[in-house]
Amino acid sequence: MAASILKGWRFGVVMTSMRVTATPRTKQDMTLFGGSRQKSTVQYLSRPDLPKIAYHSTKGKSPGVIFLPGFASNMNGQKAVALEEFCKSLGHSFLRFDYSGCGASEGKLEDGSIGKWKKEVLSVIDELTEGPQILVGSSMGGWLMLHAALARPEKVAALVGVATASDHFVTTYKSLSIEAKQEIDQKGEWRYLSKYSEEGFYKISPEFIKDAENHCLLHSPIPITCPVRLIHGMKDEEVPWHVSIHVAERLLSNDVDVVLRKHGVHRMSQQDDIKMLIFVIDDLIDKLTTLV
């Protein structure tokens with residue numbers, strides 16, 4: 001049982017919008033999940049006339065786990081590395097990668113779009129993995145994981161969203177004043193404010209917004225029926241936690257949990273947040289393995 005890795009943890013109780021969910025409370029040492037990590041070689045997925053996609057892959061049992069980063073982020077974040085070490089400890093396959101224009105992948109960030117990155121996620125699933133997969137999407141990655149589950153229901157066995165940012169760019173853009181939108185049209189760019197950018201903002205084109213509008217999901221039921229877990233920090237200043245509640249309401253799956261972390265912020269990279277994420281992945285692996 002995969003849960004044996006977490007044997008001895010004490011559990012508190014967190015109320016979710018769907019049901020009561022157990023959450024680890026001890027300050028267990030995380031050395032197993034990142035303290036003595038061996039360096040892995042960056043590999044590249046080549047695509048005809050398209051930017052190469054950088055990735056790290058660990059072979060192992062099914063279900064495998066794939067980590068989808070957030071906007072302008074990369075595959076070397078704390079969550080991705082911790083999950084990689086955890087999957088190695090269980091002997092399950094794991095894959096993390098960079099979207100084009102991000103991290104070690106080719107391309108420019110300003111040339112990216114939700115549609116292009118969605119196709120990259122599907123290419124990664126199709127060409128780099130075997131068997132059922134658990135997709136773990138952080139922020140924008142949570143939006144993309146939903147699209148991947150819709151496009152590849154036979155490959156996607158479960159979803160885990162961390163601060164899922166479905167429709168976020170479009171929702172934020174629509175909340176702007178008429179004057180602000182006119183200024184964006186005139187300048188041909190939207191300076192999207194973000195504390196995660198060195199400049200304090202990201203330049204987003206009107207074309208990016210139009211493409212994002214074509215990939216919005218929250219306006220109608222989302223025909224995904226696999227298990228879904230949505231983790232969100234209640235102190236998230238980037239993507240409000242009620243977005244995860246909205247996603248849960250739209251999903252057709254009957255197996256949906258929403259876990260709200262009272263002191264969690266957007267990146268959810270604190271030690272207790274990562275332990276919560278690992279617990280959720282561990283529980284899903286056990287669930288899916290039992291069903292086989």
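How many of the 13 residues of H1 are buried? Ten of them are, so H1 is largely enclosed by the rest of the structure. By buried I mean under 20% relative accessible area, with exposed being over 50% and partly exposed in between, using a 1.4 Å probe and protein chains only.

Okay, some housekeeping before we go on. This is a predicted model, so local features need pLDDT of at least 70 and side-chain atom pairs count only at pLDDT 80 or more, while totals for chains, interfaces and linings use all residues. Residues are numbered from 1 along each chain as its sequence is written, and side-chain values use heavy atoms, with hydrogens and water left out.

Now the overview. The protein chain has eight helices and twelve strands. Those come from DSSP runs, H or I with at least four residues for helices and E with at least two for strands, numbered from the N terminus. Of the 292 residues in the chain, 54% are buried. Take the contacts with a separation of 6 or more: 72% of them are between residues 24 or more positions apart. A contact here means heavy atoms within 4.5 Å.

Back to H1. The buried residues are Lys79, Ala80, Val81, Ala82, Leu83, Glu84, Glu85, Phe86, Cys87 and Leu90. At 1.5 Å a residue H1 should span 18 Å, and its end C-alpha atoms are 19 Å apart, which agrees. The expected span is 1.5 Å times one less than the number of residues. Just after H1, Gly91 takes a positive phi of about 85°.

H2, residues 114-128, is another helix to look at. With 15 residues, H2 reaches 21 Å from first C-alpha to last, close to the 21 Å expected. Its buried residues include Trp117, Glu120 and Leu128.

Two elements give two or more residues to the lining, namely helix H1 (78-90) and helix H4 (168-174). Which of them gives the largest share? That's H1, with three residues. By class, the lining has twelve nonpolar, twelve polar and three charged residues. For the classes, Ala, Val, Leu, Ile, Met, Phe, Trp, Tyr, Cys and Pro are nonpolar, Asp, Glu, Lys and Arg are charged, and the others, Gly among them, are polar.

How is a pocket found?

On to the nonpolar cores. A core is a set of buried Ala, Val, Leu, Ile, Met, Phe, Trp, Tyr and Cys residues joined through side-chain atoms within 4.5 Å. The largest has 56 residues, and Phe97, Tyr99, Met140, Leu159, Phe169 and Ile224 touch the most other members. Apart from that core lies another, of 28 residues, with Phe67, Ala80, Leu90 and Ile285 among them.

Let's zoom in on strand E5, residues 61-68, where Gly64 sits. Gly64 counts as buried at 0% relative accessibility. Leaving out residues up to four places away in sequence, Gly64 touches Ser93, Pro132, Gln133 and Ile134. Its C-alpha is 8.3 Å from that of Cys87, 23 residues away along the chain.

Val156 is buried, with a relative accessible area of 6%.

Last stop, backbone angles. Most residues other than glycine have a negative phi, and most peptide bonds are trans. Asp49 has a positive phi near 60°; it lies in the loop between strands E3 and E4. Met268 is at about 50°, in the loop between strand E12 and helix H8. Buried or exposed, Asp49? Exposed, with a relative accessible area of 83%. Met268, though, is buried at 2%.
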